[in-house]
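Subject: Structure handover

Hello,

Please find the structure below. My notes on it follow.

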Amino acid sequence: MDWQLLFLSFGTIFLSELGDKSQLATLSLSGSSTAPRFVFIGSAAALLVASSIGVFLGDSISVFLPTKLLKAIAALLFAIMAMRLFMNDGD
């Protein structure tokens with residue numbers, strides 16, 4: 001088992017999920033719910049399914065594209081999202 005990859009994946013996803021819209025939605029749902037354990041189960045299952053799609057898609061795409069190119073594309077997409085967050089759209 002590749003422990004370094006496991007902890008790197010956990011740390012990256014954990015930090016990126018803190019304070020994002022899915023966590024805020026979960027916070028809102030659990031605050032207005034009488035059964036927060038079901039909110040936890042539903043949100044955990046949703047993250048599991050979304051992560052599974054990402055893993056399987058990444059694995060499938062890596063057959064056709066080199067890993068270095070995939071990392072460059074991901075970095076570019078993150079940079080574009082970051083620039084859009086900092087840009088003022090005039091509203």
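Which element gives the largest share of the lining of the second largest pocket? That is α3, with 5 residues.

The model is predicted, so local features need pLDDT of at least 70 and side-chain atom pairs count only at pLDDT 80 or more, while totals for chains, interfaces and linings use all residues. Residues are numbered from 1 along each chain as its sequence is written, and side-chain values use heavy atoms, with hydrogens and water left out.

Overall fold

The chain has 4 helices and 0 strands, in the order α-α-α-α from the N terminus. Helices (H or I, at least four residues) and strands (E, at least two) are DSSP runs, numbered from the N terminus. The radius of gyration of the chain is 17 Å, whereas a compact globule of 91 residues would have one near 12 Å. That radius is taken over C-alpha atoms, and the globule rule is 2.2 Å times the number of residues to the power 0.38. Along the principal axes, the C-alpha atoms fill a box of roughly 50 × 50 × 20 Å. Of the 91 residues, 2% count as buried. Here buried means under 20% relative accessible area, exposed means over 50%, and partly exposed is in between (1.4 Å probe, protein chains only).

Helix α1

Helix α1 covers residues 3-17, which is 15 residues. From its first C-alpha to its last it reaches 21 Å, close to the 21 Å expected at 1.5 Å a residue; the expected span is 1.5 Å times one less than the number of residues. Gly19 follows α1 and has a positive phi, near 75°.

A search of the whole structure finds 2 aromatic pairs. One of them is Phe10 with Phe14, which is stacked, at 5.7 Å centre to centre and 10° between the planes. The criterion is that rings of Phe, Tyr and Trp (its six-membered ring) pair if their centres lie within 6.5 Å; planes under 30 degrees apart count as stacked, over 60 as edge-to-face and the rest as tilted. Phe10 and Phe14 are separated by about one helical turn, because they are 4 residues apart in helix α1. Phe10 is exposed, with a relative accessible area of 56%, and Phe14 is partly exposed at 43%.

Pockets

Pockets were found on a 1 Å grid over the protein atoms alone: a pocket is an open set of points where a 1.4 Å probe fits, with protein on both sides within 12 Å along at least five of seven lines, and lining residues have an atom within 4 Å of a point. Grid points are joined across faces, edges and corners, and a volume is the space filled by probe spheres set on the points.

The largest pocket has a volume of about 1,200 Å³. It is lined by 27 residues, and the closest to its centre are Thr12, Ile13, Gly54, Ala74 and Phe78. The elements giving two or more residues to this lining are α1, α3 (36-64) and α4 (67-86). The largest share, 10 residues, is from α4. By class, the lining has 16 nonpolar, 8 polar and 3 charged residues. Ala, Val, Leu, Ile, Met, Phe, Trp, Tyr, Cys and Pro count as nonpolar, Asp, Glu, Lys and Arg as charged, and the others, Gly among them, as polar.

The second largest pocket holds about 440 Å³. Of its 14 lining residues, Glu17, Ser22, Gln23, Ser43 and Leu47 are the closest to its centre. Two or more residues each come from α1, α2 (21-31) and α3. This lining divides into 8 nonpolar, 4 polar and 2 charged residues.

Phe38 lies in helix α3 and counts as exposed, at 54% relative accessibility. Its C-alpha is 33 Å from that of Ala82, 44 residues apart in sequence. Pro36 also lies in helix α3 and is partly exposed at 42%. The C-alpha atoms of Pro36 and Lys68 are 42 Å apart, at 32 residues along the chain.

Regards
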